[in-house]
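Grab a pencil and let's work through a few exercises together. Have a look at the structure first, then try each task before reading its solution.

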Amino acid sequence: MTPFLLTTLAFFAAYGIYLAALVAHQAPSPLAFLDGGGNLPGWAVIFAGSGLAVAGQGLGDHLALTARFGLQASHLGLGLVLAALTTVLIQKRLWLAARITGLATPADLLARYYQSVALRIVMLTLSALFALPFAANLLSQAGGVVEQATGGTIGHAAAVWVMGFFLFLTAVIGGWRATVLVGAVQAALIAALGLGSIVFAQTMMGGGGFPQVPLPVAQGVLADLIPGVVQYSAGLGKSQPAGGIFTAVGIASTALAMLGVVLSPAFLYLGITARAGRTLGFGAVWIIAGLGGAALVIGGPILAVRMGAGLGDFASAMAQVEPFAGLGLILLVLTANQLVVALSVNAGTLLITQELILPYVVPGLQPLHQRLAAQIGLALAYGLVAVLATFAPLSSAILAGLALPMAVQLLPALLGLCFIRWISRSAIITGLIFGVLFVAFTEAFGLILVEGLFIDLPWGRWPLTVHSAAWGLGVNVAAVLLVAIFTHGGAERLHRDRLHDEFAALWPVDFGGKGAQGAKWSLTLIWAFFALGPGAILGNTFFSQPIFTQGPAALGLPSLWVWQILFWLIGVPLVWWLSNRAQLGVTTDQGLRRLDLGGAADPVHPPDWIAVGLARVTGR
Amino acid sequence: MTQTPSYALDRHVLVSAVWLPGGFVALGLLHHGFATGAAGWVLAGFGAILACFALHVIVNAALGAHFTPQEVALSFVLYAVAGLALVLAVLLQPGFAEQFFLPVALGMAGLAAGVIFYLVTRWGARGAFAQFDIIRDNNPRKSSELPHRGGRS
């Protein structure tokens with residue numbers, strides 16, 4: 001399969017460079033390199049955004065988890081419905097805020113809305129976290145897949161550097177627009193290969209598949225049951241929860257962590273740079289919740305049951321039946337990883353360039369030189385990513401584990417910007433401090449740091465089977481509410497009100513009458529409770545041992561799988577309802593009025609400490 | 001819709017997003033069909049190509065565009081190469097005709113029928129013929145431009 005795989009990879013790499021060259025040739029101005037002209041075609045944003053939302057969860061990891069923990073892990077596929085809901089809720093208002101204020105990046109929006117430098121630094125740190133260790137971890141995984149698929153002919157390091165180089169070439173030639181257009185094609189490829197692999201595995205591989213054959217879970221793990229609502233476990237590394245780690249609360253909290261992808265700087269930037277239209281809702285409803293949810297909930301177990309010793313073995317088995325199928329499975333994982341790497345690195349670099357380099361480090365550059373600065377940034381970023389992926393894959397994996405839960409900590413800040421005007425800067429900063437600390441100390445990074453330097457902690461990773469994202473977000477929200485009680489007024493509030501008054505005057509959210517409004521929120525909460533919350537435990541036996549009957553029902557399918565499919569089927573129309581009826585998925589640039597949030601076009605001077613530091617290095 | 005260079009590029013990428021995955025799936029199906037001698041898979045491969053063509057037509061309709069001359073030329077070349085390959089295989093490959101002639105010929109006929117169906121629904125019977133009516137282009141007369149005679153302006 002090696003020549004076949006390498007030829008295909010080379011073809012797709014060449015195609016990416018060809019598209020990037022076309023984009024560069026037609027770019028209206030050098031500055032379009034940074035933001036694609038803020039006018040990206042809707043269909044491309046649908047494809048690339050949905051691809052990022054699904055592939056960002058780690059397709060290879062999801063399959064491996066499902067193979068190890070069974071249906072309790074594949075239940076996480078329903079988290080994509082929650083991710084779609086969050087996308088619909090946040091992205092329209094964020095897009096409008098960017099257009100109304102003329103601010104080009106999510107960091108700029110948050111920093112100027114809350115009048116906070118700290119928030120800008122948080123966003124930049126988050127951009128770097130996604131652009132470097134998160135991307136390096138995925139690139140390293142992709143390198144491992146290539147090494148395994150070629151039987152060691154192409155080594156891990158060579159695969160990492162070659163893939164990194166071609167991703168860099170596409171980015172450095174075509175900028176953000178090329179990244180998104182190539183990402184859109186890759187997302188279409190992921191969809192076709194994913195569906196093709198699922199159908200092929202189920203129909204052509206022989207030997208019986210899921211659900212006739214149970215998932216080959218580890219010993220002591222419940223293959224088709226959720227192991228309780230919560231377990232009083234000290235956390236991974238300290239104690240092993242009986243029956244598996246994905247309790248109902250574990251599933252809910254891990255689903256919260258999945259929101260990290262749609263709250264990541266790359267995804268937010270993608271939404272901001274999109275053209276107006278109905279694309280936001282379409283992508284969220286039908287691709288993220290619909291297609292992505294179905295692929296993980298229904299297709300996940302079908303693929304995972306045949307994983308055996310790993311993805312490479314499964315691909316080899318498929319290739320023996322049909323070489324294109326084995327190649328397709330390898331391509332699926334590689335393309336998914338490359339899509340996320342490209343979008344994360346490019347968005348992170350372009351955001352840091354626009355937020356830090358151009359205004360503070362080298363202000364006053366001409367457009368051509370601004371593009372050059374971004375291109376140098378991309379070269380540095382891809383170099384660092386390749387170095388991390390090659391020489392520090394473990395450190396990258398540990399740091400990458402922080403990226404999604406850290407991004408989730410932005411949720412209160414984004415909800416404040418989009419809907420809740422009484423959330424103040426102090427509340428957000430306090431919440432973020434506590435949230436980030438709780439995430440760090442319930443993740444491998446903080447535990448290794450403290451236990452390596454000081455003392456053994458009594459808890460491990462994800463104590464009580466609650467994901468670090470939920471630990472952080474719980475404390476974060478509590479702190480935000482508490483501090484907001486005391487700080488919701490004042491002059492700062494007047495500044496925030498200006499944007500919300502504009503929203504209310506021209507872009508009110510139409511949740512319908514009182515009844516419709518209540519129905520929308522209550523149905524969403526009920527869905528979340530039964531699909532992802534503690535109510536999901538009912539799915540263990542709801543269809544196999546129905547209430548009001550004497551004996552078990554001969555369903556032929558695991559009750560939990562039916563429960564998951566049912567709530568996926570209910571979840572998609574729910575997202576559609578919010579997206580279309582409440583017009584949350586539709587954007588328009590008709591009637592936009594410009595609002596100055598204070599200083600977007602002001603002359604910007606580098607802070608003294610940056611200027612002094614730079615002067616020491618450059619001798620200016 | 002305005003055919004700006006950027007718009008044309010966006011459409012080109014969207015069309016690629018249809019044909020690259022679809023083409024990969026079609027190649028896989030055709031390969032499996034020829035490797036295992038199963039006519040159904042060969043037909044499924046042609047079905048995948050037909051589905052891609054239908055999606056391409058939908059993209060054109062959604063974006064208010066038509067097939068570009070390059071796309072038309074490429075499709076004709078590929079179709080001619082496939083036809084030639086079929087003839088050569090029938091003549092030179094022992095047993096090919098018995099096993100594969102029917103599904104491949106049916107698949108190619110299906111593709112041709114799909115294109116004709118598109119042309120007729122898009123341009124009407126006379127308009128579809130007019131797309132290929134080179135002779136009339138060589139002898140332009142005023143009356144041939146009249147709408148009821150399928151005139152082209």
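**Exercise 1.** What percentage of the 153 residues of chain B count as buried?

*Solution.* Keep in mind that we're working with a predicted model. Now the burial: 18% of the residues of chain B count as buried. Finally, take the contacts in chain B between residues at least 6 apart in sequence: 51% of them join residues at least 24 apart.

**Exercise 2.** Find how helices α3 (residues 42-55) and α9 of chain A cross.

*Solution.* Step one: their axes come within 7 Å and cross at roughly 60 degrees. Step two: the crossing is left-handed. Step three: look at who makes the contact. From α3(A) come residues including A:F47 and A:G51, while α9(A) brings in A:A184 and A:I190, among others. Step four: sort the contact by class, and you get eleven nonpolar, four polar and no charged residues.

**Exercise 3.** Which residues touch the most other members of the largest nonpolar core?

*Solution.* This core has 242 residues, and the ones you want are A:A84, A:A135, A:A184, A:V385 and A:V575. Helix α9 (residues 156-204) of chain A gives the largest share, 25 residues. Now zoom in on A:V385: leaving out residues up to four places away in sequence, A:V385 touches A:L132, A:A135, A:A136, A:L139, A:G164 and A:V345.

**Exercise 4.** List the buried residues of helix α19 (residues 444-453) of chain A.

*Solution.* They're A:A444, A:F445, A:G446 and A:L447. Their cover includes α16 (393-408) and α18 (425-441) of chain A.

Notes. Residues numbered from 1 in each chain as written. Chains lettered and ligands numbered in written order. Predicted model: local features only at pLDDT ≥ 70, side-chain atom pairs only at ≥ 80, totals over all residues. Core = buried A, V, L, I, M, F, W, Y, C linked by C-beta atoms within 7 Å. Buried ≥ 20, exposed ≤ 12 C-beta atoms within 10 Å, placed from the backbone. Helix = DSSP H or I, 4+ residues; strand = E, 2+ residues; numbered from the N terminus. Contact = placed C-beta atoms within 7 Å. Axes fitted to C-alpha atoms, helices over the stretch in contact; angles between N-to-C directions. Left-handed = near helix turned anticlockwise from the far one by under 90°. Nonpolar A, V, L, I, M, F, W, Y, C, P; charged D, E, K, R; others polar.
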